[in-house]
Every structure is written in structure tokens, then in C-alpha cells.
Amino acid sequence: MTEFLSVLTIIAQVQIIILLVLMYLNRKKKSNFFKKIVKFADIYTFIIALVSMLGSLYYSEIAGFEPCKYCWYQRILMYPLVVILFVSLKNRYKDVSKYVLPLSGMGVLLAGFHYLTQLGLLPSSCVAVGYSVGCAKVFVMTFGYITIPLMSFTAFLLIFLLQLLSRNR
């Protein structure tokens, strides 16, 4: 399962790079490519959020990894996205980005901070509390750089970028 989620993370990272390059190159005009992306942005962000939620539940409930304090905060930001995006898709709401952008933006910052903490680049004030573990604990390291917080960071960033594009539809 970890290898599967890691491959999905790499695919998402490639998509992020492509989106950023295309956003930069087409910053002054609306391209047909972006119109096609925007058409499917809400369904795609729902799928990303759902897979992220199920992945986090897999790690805690099946693999037995106790979530740290930062992981809980990331869940608090990701899980509502599943509900918000599902309801917006079901009811065909057009402006869901005003709810998704703040949650995913905070998720990007928190998951990025968590990843840098795990790498030892930032000090961590997060210690084990009760049954949880310290935030610097690394449960998964695939392909030499992918950890659970990096998976979270990638998902939040892709959701943020897709919603940013669809905001101006």
C-alpha cells in the first residue's frame, strides 16, 4: 500500500510541476487547456481528498501507526474537504473554492512544516502526547524522500492549485 500511495504522490508531484509551469506561461490569457482542467477540478480534488483520507486511515487503523499531533491537525484540515467537495458535487455548487482554498492552504503550510521537521531541517516542539508519537518520527520513507507528511503536502498543494484555477471560472 505504501508503494502505491508513493507512486500516486510522484504522479501528483509531476502534475503540480506541469500546472505551475502552465500557470506561469499562461498567466495573462485563458487557455483551452485550463478550461478543461477547471471542468474536472472539483471531481479531481474530491478524489485526491478521499484517497488522502483513506490513506491516513489505512496508516492508523490497519498499519498501526499512531498519528502525531501534526498528523491530527492535517486530518482536521483534510477530512472536511471530502465532505465539502462531495456535497458541492452532489448539489452542483460552483464556488466551492472559497471553502477549499483556506483549508488546503493551511494544510500545505502545516504538512510542509511537518516534512521539514521530519528531515531535521526545522526544530520540533511536538513531543509524544498520550498514545501519539513525536512529530519527527518517520514511519515511511520510500524512494528516498517520500514520507507520510510529504504525501499530505503533495495532496494539499495539488488541491490548492486546482481550486485556485477553478476559482475564476
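The model is predicted, with local features needing pLDDT of at least 70 and side-chain atom pairs counting only at pLDDT 80 or more, while totals for chains, interfaces and linings use all residues. Residues are numbered from 1 along each chain as its sequence is written, and side-chain values use heavy atoms, with hydrogens and water left out.

Q: Why are α1 and α2 called roughly antiparallel?
A: Their axes, which are lines fitted to C-alpha atoms over the stretch in contact, with angles running from 0 to 180 degrees between N-to-C directions, come within 12 Å and cross at roughly 150 degrees. Angles over 145 degrees count as roughly antiparallel, and α1 and α2 are therefore given that name.

Q: Why are α2 and α5 called roughly antiparallel?
A: α2 and α5 pack at an angle of about 155 degrees, with their axes 8 Å apart, and because angles over 145 degrees count as roughly antiparallel, the name applies to this pair. Among the residues in contact are Asp42, Ile48 and Ser52 of α2 and Met151, Ala155 and Leu162 of α5, and by class this contact has 15 nonpolar, 4 polar and 1 charged residues.

Q: What is the handedness of the crossing of α1 and α5?
A: A crossing is left-handed if the near helix is turned anticlockwise from the far one by less than a right angle, and right-handed if clockwise; α1 passes α5 in a left-handed crossing. The axes of α1 and α5 come within 9 Å and cross at roughly 35 degrees.

Q: How do you know which residues line the largest pocket?
A: A pocket is an open set of points on a 1 Å grid over the protein atoms alone, where a 1.4 Å probe fits, with protein on both sides within 12 Å along at least five of seven lines, and lining residues have an atom within 4 Å of a point. The largest pocket is lined by 39 residues, with Val51, Ser52, Met151, Ser152 and Ala155 nearest its centre, and the lining divides into 25 nonpolar, 11 polar and 3 charged.

Terms used:
Nonpolar A, V, L, I, M, F, W, Y, C, P; charged D, E, K, R; others polar. Helix = DSSP H or I, 4+ residues; strand = E, 2+ residues; numbered from the N terminus. Parallel < 35°, antiparallel > 145°, perpendicular 65-115°, else oblique. Contact = heavy atoms within 4.5 Å.
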